[in-house]
Amino acid sequence: MTHMTRATIEVGQARSGLGITLLCGASFAAFPAATLAAGNPAEALELPTVSVVGTTPLPGLGTPIRDVPANVQIQTSDDIARQRHSNLTDFLEQNPTSVTVNAAQGNPHQPDVNFRGFAASPLLGTPQGLSVFQDGVRINEPFGDVVNWDLLPQSAISSIQIIPGSNPAYGLNTLGGALAIYTKSGSQYPGGSVEVSGGSFGRRTGEFEYGKKFGTMDLFVTGNYFTDDGWADHNSSTVKQLFGKVGWQNDSTDIDVSLSLADNKLEGTQTLPLSFFDNTRQAYTYPDLNTNKMGFLNVKGSHFLSDAVLIGGNLYYRKYKNENVSSNVNDEFGAIDPDTGEIDVIQATNDRATIDQDSYGLGLQLTLLGQLAGRDNQFSIGTSGDFGKARFKQFVQDAEFTESRAALGVGDFVADTDADTRSEYLGVFVTDTLSLNRQWALTLSARYNRARVKIDDRSGAAPELNGDHTFTRFNPAIGLTFNPDDRLTTYASYNEGMRAPTPIELTCADPTAPCKLPNNFLADPPLKKVVAKTIEAGARGKWGAASNWSAAVYRTESTDDIQFISSGGAINAGYFANIGDTRRQGVELAAGTKFGGLGVSARYSYIDATFRTGFVENSPNNSSANTNGDIEVRPGNRIPGIPRHTAKLRLDYAPSDQWSLGANFVLSSNVFARGDENNQDVNGRIPGYAFVNLDGRYRFASGFELFARVNNLFDRRYANFGVIGENFFTGPNRSFGPLSGADPVNEQFRGLGAPRGIWVGVRYAFDQDRSTRAAVD
């Protein structure tokens, strides 16, 4: 064999050499470095069909899935394109096992994404337990570790890998798992397409992509424009995204330079009290607006130094700006100032917060293929550094409520907080996969993390804010796989991970001085790092030519877990605390098959998420609170917001290349509301729900395709998030109650899912030569 393209590489189930095989059946060890690089196994994670798993974030050879001791899930660009979701998080909610979302922000582009009970959220203050990567770069923002799901267009994604557990190789925040996104290249996605769509809620979208290979170079570019009025009042979104990548490759080297740009404006509707449910499209208060702008430059590459030595790395710079304007009830309205004796007559505040952030970093990894004690071995060692600095400012404006509950400013914005934060995250990691024989493989890995967070007051009025916090830990992992034949893999693993408290958490940890989010910075008691330890066992396999299945059981124990504790009054007020130990354990089941033109996949997950250490928290709006407003949380109480049962069914019917129909069925069980950590509030749980979505396409002419999507087919009203708070709008026509002598009422507030929506679009594709993909499609 003298030449092969990247697309002719796949991982065979039959073991040969290191288990990574070419279509001709030979192993990597059988070919010189020049031939390997021509096929570029180091870039296999960019292929349209992926059978290797990125066991570290940096560019490398990956590991055959048969040797990975975890229930890894892989979603490809074809999976995403076929279902026509409006954003990535909708796809994640309806497809992978153990993934749920909630509408805490009230905007479809800003949900919390939860995996195995751990969150990756755009909301400052949500304890983050998942790490997210784009082409090897950790994109949890340094300020708050939040994940802004609106910044990357779906059309740029080649594949998504969900790596469960506390895998130390993925660094900070990998408590429950890591999500690795790999983007497209022009060599693997040649040709172009243009599409437009429109429909419910005034939605209008446009998208394009184009890829081409020029000798040793390739180019890929895609852009997306999305705008709608939202399904509720004051719930509009405008999303503008652009992604481009230029690549260069010769017989031993591959280099990619990518640029991501985004400029988005997203309105949220907040949660609604139950007494407002006669009209679920109304806003509790407004405005609530997030503006996100981002520029992200990433350079990554790999080079074969010899037949058995590969070096890979990346270098990146990321600029992120956020401006948030939120309306809030002044829960001190009517209170008497003990110093002046004056009555507080301010009904509301408009809080404006800005984050101006720069982050940059680099990583380097060396991969060695060879023999250890006469057995095939793949060893990687690497290091990474991620550095960030952010300027946080917050301004407050007094406001009054209009009849429609708009917070109308009655004065100027006044500076409230001005602080600099700096973060330094350093890590050194090793991972080794040893083939004990043709059936058994042993994986050992470890990482040393050092996280430093520094906070400086810029106002000159709060020097007590100044602080310098350092957190370190060595995290190990071990895993074992057994493949009795080509159709079955069994495995067991144990791993540990950590996360450091964020600047938001470090400065909002005093229960006597609750913060609003985005919050005022305060001088608060220090928090401890969170340590997670995960044990997992499972199996996966195939039967016949078109059927597969997987099953896993796991338990993650977190020590010194950090939770945001609601403090009553304003529904976004509270504080952070180490609340002791928590446990998330569960079962995952999945199966898929094809019957002619009908594809079926089913997934079920059970998650038991509980507090294991008792503690007392202040939650005065909880009906079971004592006279001091405290509740007692006992070991075994369920953690709010995490459903025990979720089930997902996907049907794909494609009798021909000309047309297809698809359906997603999603079922989720009930959850407890935030503020009900003791599970005793009289309002009870947020009920479970189920919904059905449909999608379809029809090719009516050469290159032209008509597509359609229906969300929430049966127009079910449901909620997937809840919090206990005070409803201040108890006056006539839901006016501000205290003005008319009406007292606030303790209620459960819920975040609602969208009603039925229907969209139709047309797509034109050109020059899409998929011959290079034939071997893997």
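These legends accompany several close-up views of a predicted model. Local features need pLDDT of at least 70 and side-chain atom pairs count only at pLDDT 80 or more, while totals for chains, interfaces and linings use all residues. Residues are numbered from 1 along each chain as its sequence is written, and side-chain values use heavy atoms, leaving out hydrogens and water.

**View A. An open sheet of five strands.** The strand order here is β3-β9-β10-β7-β8, with mixed pairing. β3 (73–76) and β8 (137–138) are the edge strands, each with a single partner, so one side of each has no neighbour in the sheet. Strands β9 (residues 157–164) and β10 (residues 177–183) run antiparallel and are joined by seven bridges; look for P164 opposite G177 in β10. Strands are DSSP runs of E with at least two residues, numbered from the N terminus, and two of them pair if DSSP finds at least two bridges between them.

**View B. The surroundings of V132 in the largest nonpolar core.** This core has 57 residues, and V132 is one of those touching the most other members, along with L92, W149, I160, L179 and I181. A nonpolar core is a set of buried Ala, Val, Leu, Ile, Met, Phe, Trp, Tyr and Cys residues joined through side-chain atoms within 4.5 Å. Buried means under 20% relative accessible area, exposed over 50%, and partly exposed in between (1.4 Å probe, protein chains only). Beyond its neighbours within four places in sequence, V132 has contacts (heavy atoms within 4.5 Å) that include A120, V137, V147, W149, L179 and I181. Another core, of 27 residues, lies apart and has L123, W231, A673 and F728 among its members.

View C. Rings of Phe, Tyr and Trp (its six-membered ring) pair if their centres lie within 6.5 Å; planes under 30 degrees apart are stacked, over 60 edge-to-face, and the rest tilted. The structure holds 23 such pairs. F201 and W759 have ring centres 5.9 Å apart and planes at 70°, so they are edge-to-face. F201 sits in the loop between β11 (191–199) and β12 (203–214), 558 residues from W759 in β41 (residues 757–766); both residues are buried. F704 and Y764 are tilted, at 4.6 Å and 35°, linking strand β38 (residues 704–711) to β41. F704 is partly exposed at 34% relative accessible area, and Y764 is partly exposed at 35%.

**View D. Arginines over rings of an aromatic cluster.** One cluster comprises F276, Y284, F333, F401, F728, F729, F736 and F749. R405 lies over the face of F729, 5.9 Å from the ring centre, and R734 over that of F276, at 4.7 Å. Here, "over" requires NZ of Lys or CZ of Arg within 6 Å of the ring centre and within 35 degrees of the ring normal.

Key
Helices (H or I, at least four residues) and strands (E, at least two) are DSSP runs, numbered from the N terminus.
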